[in-house]
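Hi,

Here is the structure I promised to pass on. Have a look at it first, and then read my notes below.

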Amino acid sequence: MALPQRRTDIGPPHFEQFLPPVIKKNYGKWKYHEVLTPGTMVHVAESGDKLWTVRVASPRLMSTDTIREHCDIAEKYCGGYLRYTTRNNAEFLVSDEKQLEPLKKDLTARGFKMGGIGYGITNVVHTQGWVHCHSAATDASGLVKAMMDELYDYFESKRLPNKVRLAVACCVNMCGAVHCSDIAVVAVHTKVPVVNHANFKNMCELPTVIGACPTRAISPDPANKSVKINADKCMYCGNCFTVCPPISIKDPERDGVAIVVGGKINSLRSNPKFSKLVIPYISNEPPRWPKAVAAIKHIVEVYAANARKHERLGEWIERIGWERFFSLTGIDFTFQSIDDFTFMRDTMRTASTFKW
Amino acid sequence: MKKYTTPLIDELEKGPWPSFVTEMKKAGKHNEMANDAVGHLEKCYRTKMGYWKHGGIVGVLGYGGGVIGRYSEIGDEFPGVAHFHTVRLNQPSGFFYTSKALKEICDIWDKYGSGLTNVHGSTGDLVLLGTKTDALETIFAEYSSRGWDLGSSGSALRTPSCCVGQGRCEWAMYDTMGLTYALTQEFQDEIHRPTFSYKFKIKSSGCACDCVASIARADMSIIGTWKGDIQIDQAEVKNYSSKMDIKAEIIDMCPTQCMSYDGKELKINNAECNRCMHCISKMTKALKPGKERGATICIGSKAPIVVGSLLSWVIIPFIKIEEPYTELKDLIRKIWDWWDENAKPRERIGEVIEMKGMRSFLEAIGVPPMPQQIREPRKDPFMFYTEDDIASYKAKEAEEKKTGKYKF
Ligand code: HEM
Ligand code: HEM
Ligand code: HEM
Ligand code: HEM
Ligand code: SF4
Ligand code: SF4
Ligand code: SF4
Ligand code: SF4
């Protein structure tokens, strides 16, 4: 069978061919939207036209079978039009109001979960983990599944003072920008890597390996025709392993997760913020990471009980102070929460006006 | 097909949230690679570690990216994932699809790959997860002949992405989807053939809500904003007053304290508004952004590797974003030229700006210093003066002597 003619540098298809007619007609002329339920919203155009959106959860890692099912549903109720969101939810785009209830009924019958809009918890930004990445210190998809099972009510119905954006990074590279989330899990290695000197010679380039280390912890080891690692400088980022497989950093009993909180992307009220470290280490506990999940749920609940309406987690903490956050949550304050990398000068307290 | 017992990951099929394990098993029913991926993952869960090997260069002829090479260390035990490369397919702007197009994508992927996907990867690409080296050319021919191109990887312009924008959002201050498509087309070479010192990401959000998180994860963040007065519909404000406590939820939460409400009329001192979007997003029927629309350009954000995360810095407070986007395209080229001249390998633009100084960067792209670019001025007195700087300050003083008026 002959292959079709390949073409290069054509770029993606133009998006216009994928827009439902109601969007094409009202493009750039939307007037307002209303959230009807945590799973549905309606956008109203200046022309008076309406577009209903039904949002359903997705595990992001999907089989073609499920994508096809999304397509079948879209064909039945939405003229074949659908989209996905930045946070990996699927959205069915309905232009005929009569289709809305039948669509929702069918989705429920097929077991799809509607929700994720407004002041609750939507899908979790995450990366590959053990499913596909060499660098992973944990599995992202498994953590996400375990977290969202536990927090599911906040997706489907239960409301919070504002959105709580969650993310999981399976190593400190943090693909997916977890560093500005309300609550994020960052997987960490915690031990200085071990160098297999015998294989080093054949598989690695000395300058590349030395250059890969951000803290300059790696120096030549001429006796072994290899490198040695200064344990006082290494912060276990794994960059050396990335460029040189004989340097092994994975350790099942020591790899674990840390929890960071209080980040935010948007500029509403206050500026975007980084997330900050509050729990330095929890052991990897596949398949369901019970302690990490419990910690996240606990933080969500303390926030829900104490924050004012519209305050994001980070805004609430800034109002009450970090010392109060630690006392309200009962989280132990550890050395790891004091920055000793690039941001110490900006993060130490320089006034005696703190709370007890 | 080999049948794996998977007691650990089976636990992840329980509970209300959709299960990725169920998805992997679904694909595994009719696909050897996906089936082995299931067994492989169970082993990761049992031993609490991963078995993937880093990279290796694989790809399609003429391209330097778009495929992420992945091999398993235990390929003998799980031959289906011995090679398990990822193909990044460039998504359409805004992630809109028709069922016809998506099904076609699935048909090809079922034929040559694992049947597993990420919809979508965090850079925006539609990620096709797991195929073998010798299938790559075929996959590329099948997709490209039907109008789909690969996305980006490596030290290149990464696949640009955007929020839904004017497609479905009343707050989009410019056409994010149109711009993203235009930039992707303009820079095909930079996307497919990595020649940069490291990756460069462009993300476009239509307003300060920043639904694609551009401020945190794009070397160039294009964020919609406006000039002029917020448009108020007082009748709608009145309607909101029965549904919400306007004073507590809007007036008191306005960060610049530029609003007032006496129970009848909502007033905004627009000169003091910093366009944070709080009030507009809470009273979408009553309030609308001002009429002169464009974007703020910010530069430099990245994840923490190597010396800490950065959020993007405001460089150009306001720029019009209008077809054919010539000004923006020229700006991007100027930025790349400066980066190219000054970066060491694997240095992101934000890091290079830190090393070389913001002044060097701003001068190279022809942007003057403005207070909108900073949160506060420097605290130390260790500044540099060029001969030209001193000459211009002296010239200003000479001018003052003539006019008899100080000009600070
Ligand atoms: C509080 C500030 C925010 C407001 C008021 C807001 C509001 C909205 C609205 C109205 C939509 C619907 C637009 C549409 O699709 O019709 C939307 C979509 C979305 N927002 Fe936000 N948003 C905010 C912040 C964020 C942030 C910080 C993120 C992510 C970090 C985010 C992620 C999303 C995503 C993923 C969508 C789906 C649209 C897409 O995929 O492009 N939003 N947001
Ligand atoms: C410099 C630090 C980083 C390193 C070393 C790194 C490394 C990697 C590696 C090795 C992969 C391949 C995973 C696989 O096997 O599929 C990957 C995937 C990916 N990375 Fe990163 N990454 C970094 C930062 C980032 C950041 C900051 C982002 C986005 C803001 C990002 C976005 C992605 C995306 C979208 C993927 C595709 C897979 C996915 O969506 O989960 N990366 N990265
Ligand atoms: C100094 C040496 C190296 C370092 C520090 C390094 C680090 C990284 C990082 C940070 C990424 C993630 C980039 C991303 O966000 O996608 C990456 C990806 C990748 N690297 Fe390396 N790498 C090095 C050398 C190599 C070598 C020698 C090869 C191949 C022989 C290689 C092949 C790849 C491939 C195929 C990817 C995934 C494609 C991509 O998305 O960039 N790398 N590497
Ligand atoms: C180049 C840097 C600086 C130089 C050369 C400098 C020099 C001086 C000198 C000569 C004095 C007078 C000592 C005296 O009373 O006889 C002084 C006093 C003082 N300086 Fe500085 N200083 C510098 C920077 C700073 C900075 C950055 C701060 C604070 C942030 C600071 C805070 C003070 C204070 C609080 C006093 C005492 C004032 C008083 O008691 O009236 N100085 N400095
Ligand atoms: S966060 Fe780390 S482990 Fe996860 S996909 Fe990115 S590089 Fe891989
Ligand atoms: S793990 Fe990171 S810090 Fe430690 S030696 Fe390797 S590259 Fe350096
Ligand atoms: S960033 Fe602004 S314009 Fe874009 S979808 Fe979000 S709210 Fe709408
Ligand atoms: S946009 Fe923000 S700063 Fe401007 S009036 Fe509204 S709440 Fe105040």
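**Notes on the model**

A:Pro287 sits in the loop between strand S15 (276–283) and helix H9 (290–306) of chain A. Helices (H or I, at least four residues) and strands (E, at least two) are DSSP runs, numbered from the N terminus. The peptide bond joining A:Pro286 and A:Pro287 is cis, with omega about 5°.

Before going further, some housekeeping: this is a predicted model, so local features need pLDDT of at least 70 and side-chain atom pairs count only at pLDDT 80 or more, while totals for chains, interfaces and linings use all residues. Residues are numbered from 1 along each chain as its sequence is written, chains are lettered from A and ligands numbered from 1 in the order in which they are written, and side-chain values use heavy atoms, with hydrogens and water left out.

B:Pro324 is found in the loop between S16 and H12 of chain B. Back in chain A, A:Tyr236 has a phi near 65°, which is positive although the residue is not glycine. You'll find A:Tyr236 in the loop between S12 and H8 of chain A.

**A hairpin in chain A**

Strands S11 (residues 218–221) and S12 (residues 226–229) of chain A run antiparallel and are joined by four bridges. Two strands count as paired if DSSP finds at least two bridges between them. A:Ser219 is opposite A:Lys228 in S12(A). Together S11(A) and S12(A) make a hairpin with four residues between them, and A:Lys225 in the turn has a positive phi of about 50°.

**Two sheets to look at**

One open sheet takes strands from both chains, in the order S4(A)-S6(B)-S7(B)-S4(B)-S2(B), with antiparallel pairing. Strand S4 (61–63) of chain A and strand S2 (67–68) of chain B are at the edges with a single partner strand each, so one side of each has no neighbour in the sheet. Two bridges link S2(B) to strand S4 (residues 85–89) of chain B, and B:Val67 has B:Val87 as its bridge partner in S4(B). Helix H4 (residues 99–112) of chain B packs on this sheet, touching S4, strand S6 (116–118) and strand S7 (126–131) of chain B, and its direction makes about 15° with that of S7(B). Contact here means heavy atoms within 4.5 Å; axes are lines fitted to C-alpha atoms, for helices over the stretch in contact, and angles run from 0 to 180 degrees between N-to-C directions.

The other open sheet has five strands of chain B in the order S8-S9-S10-S15-S16, and its pairing is mixed. Strand S8 (161–162) and strand S16 (313–319) of chain B are the edges, each with a single partner strand, so one side of each is left without a neighbour in the sheet. Helix H12 (residues 326–342) of chain B packs on that sheet and touches S9, S10, strand S15 (292–299) and S16 of chain B, at about 145° to the direction of S10(B). Strand S9 (residues 202–205) and strand S10 (residues 220–227) of chain B run parallel, with four bridges between them; B:Lys203 is opposite B:Ser221 in S10(B).

**Links**

How many disulfides does the structure hold over all chains? There is one (a pair of cysteine sulfur atoms within 2.5 Å). A:Cys204 and A:Cys244 form the disulfide, with their sulfur atoms 2.0 Å apart. The link is right-handed, with 80° about the S-S bond between A:Cys204 and A:Cys244.

In one of them, A:Arg6 pairs with B:Glu137, the closest N and O atoms being 3.1 Å apart. That pair crosses between chains, from A:Arg6 in the segment before helix H1 (21–26) of chain A to B:Glu137 in helix H5 (residues 136–145) of chain B.

Cheers

Definitions and conventions:
Salt bridge = Lys/Arg side-chain N within 4 Å of Asp/Glu carboxyl O.
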